[in-house]
Amino acid sequence: MAKKHSSLFTILAGGFLILLVTGLASAQSITDRSGDWLATLETPGGNIRLQVTVTLDENGGQTAVLESLDQAPGQFIPISTVLITQDRFEFTIAGIGASFEGEWNDAEASYDGVFTQGMQIPTSFARPTEDAAVFIDGLDGRWEGQLVRNDTELKFVLNIQTDGGGTQVTLDSVSQAAYDIPVRNLRRSGDAVSFQVPAANVTYQGQVNDNTLSGDWIRPGFETVTVTFERVSQTVEALNRPQTPQAPFPYTIEEVRIDNPDAEGVTLAGSLTLPEGEGPFPGVVLISGSGPQDRDESVWTHQPFAVLADHLTRQGIAVLRYDDRGFADSTGDFASATSYDFASDAAAIADWMRNHPHINAVGLAGHSEGGLIAPIVAAEHSETAFVIVLAGPGTPGHRFIIDQIVANSDAMGLDHAETRARVEVMETLVDAVRHARDRESAEDALEGLLTDETLAILQVPVDQKTTFINSMSRDWYRTLVNYDPADWFAQMDQPVLALQGTLDLQIVAEPNVAGLETLMADLPDAQIVVLEGRNHLFQNAQTGLMTEYAQIDETFDPEVMALIADWINERFGSSH
């Protein structure tokens, strides 16, 4: 599934940080309670800023998302329940086991209360403000460095640029496939330079000499090491993404909002691209991979669905891509949803598309978890014209999760004995989750199994145990490990095209292709294409590791996109 990982088990997310000092407002009117509210959590690992954005619909209903500005800026976590009034502010986030309850403090213009996630932290939410930007001379550019500590080697890129908004700085941990990590408190006094990386609880103190910056990388609980950065460019260059579509387009783009009648409060925002001419055209719904995704499936600095939609539409195929429920411009609760809820959303999108006057047949193309969702929709909705499985699973959930761990460990050259130990622990944990009757039972089982020893084997820090348990016990994960594609393929009779890259380390080629061959054996029109040298994103790759995704200029192999377009047009194009 499409996730961003710093290691096999620790999720990191990136963003872009502008070095501004953030404070609390007292002058702003707060009769309107919608908009942004900012709090700073004082934790043992350092301060963490949380921003909650509350939105009011036309009927006064409230929805909200949370952004962790220091840990995962740009990543919006849907809030399950929210209530904000003149006197009280409270919310819960079921997916991460977090909540806040606070009362209005008129003197401070803030909601004072307690944020709970494993521990209780007193904090206050108030309106954010921005003070003057910080300008630092002489450091602009791209700086490359490496951390070496025992068996750990991490390649870093420090990006520093100054414009009218001040000096902006981010860190890329290239070895961990984590980009645009916020860097705070960049300071320079003569040749002395310091900064902080809150997401890793790191302080850096060094000396700059022309194009060399060398100093101590300090992280509590770890040995302090020297990290030296070399400036390789005076400017921070944008990543080269030559396939990203650029206007003007030779087709029509319709922005749409589609209600899911089977899910209260879920309205899906998307983009329909229609080829030139009267049609009718074959149509396809693009279903994204796991994690909250926008309509372009923006991952690892790429936009695969924007590129694919552009190509297919130029080939005479209508495409509808949409933001996941509760993410970007779509409404609903992402955190509590399962793959079956997402299947309901895809079905609503397809139904809307079938009623479009210029579209004559509607199929589904699902990537990663989307390749799990598409067969569910097709099995339950016989009017589905076709299914395209893009790096989707051909084995049960509890198997492809383990296969993913083994494949990534092998590709990274990890010790086989250590990998085997991790796999044995994970198999035990997954089995416990599979057989738990509910979330509480799963949490209890995991609590007993995750000893200090097993956490060490998994390389999960003890202070992340609660987060790890929350992740594995949530409804989405328990549904995933109990998923069996055989339950759905057996009910299908639509044409199916399945594409799989040999360098895919997330949905591993060999076991999943074998599974798909069995699943599709009795279908009247089924084709599996194994693509040599392509990774999980269908890029031409060298290793298949997630660390490689952002380093590749190509977003989606044109040959693969042509294969998809030809397959659809051969069956449903205007000549048929």
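Helices (H or I, at least four residues) and strands (E, at least two) are DSSP runs, numbered from the N terminus. The model is predicted, and local features need pLDDT of at least 70, side-chain atom pairs count only at pLDDT 80 or more, while totals for chains, interfaces and linings use all residues. Residues are numbered from 1 along each chain as its sequence is written, and side-chain values use heavy atoms, with hydrogens and water left out.

**Exercise 1.** Locate His-302, and decide whether His-302 is buried or exposed.

Solution. Begin with the chain: His-302 sits in the loop that runs between strand S23 (281-287) and helix H1 (304-314). Next, take the relative accessible area of His-302, which is 2%, so this residue is buried (buried means under 20% relative accessible area, exposed over 50%, partly exposed in between, with a 1.4 Å probe and protein chains only). Finally, look at the side chain of His-302, where a polar atom lies 3.0 Å from the backbone oxygen of Ile-552.

**Exercise 2.** Find which side chain is joined to that of Glu-369 by a polar contact.

Solution. Start from helix H3 (residues 369-380), in which Glu-369 has its place. Then note that Glu-369 is buried because its relative accessible area is 2%. The partner is Trp-476, whose side chain is joined to that of Glu-369 by a polar contact of 2.9 Å (a pair of N or O atoms within 3.5 Å; within protein, one must be able to donate a hydrogen and the other to accept it, and residues adjacent in sequence count only if both atoms are side-chain atoms).
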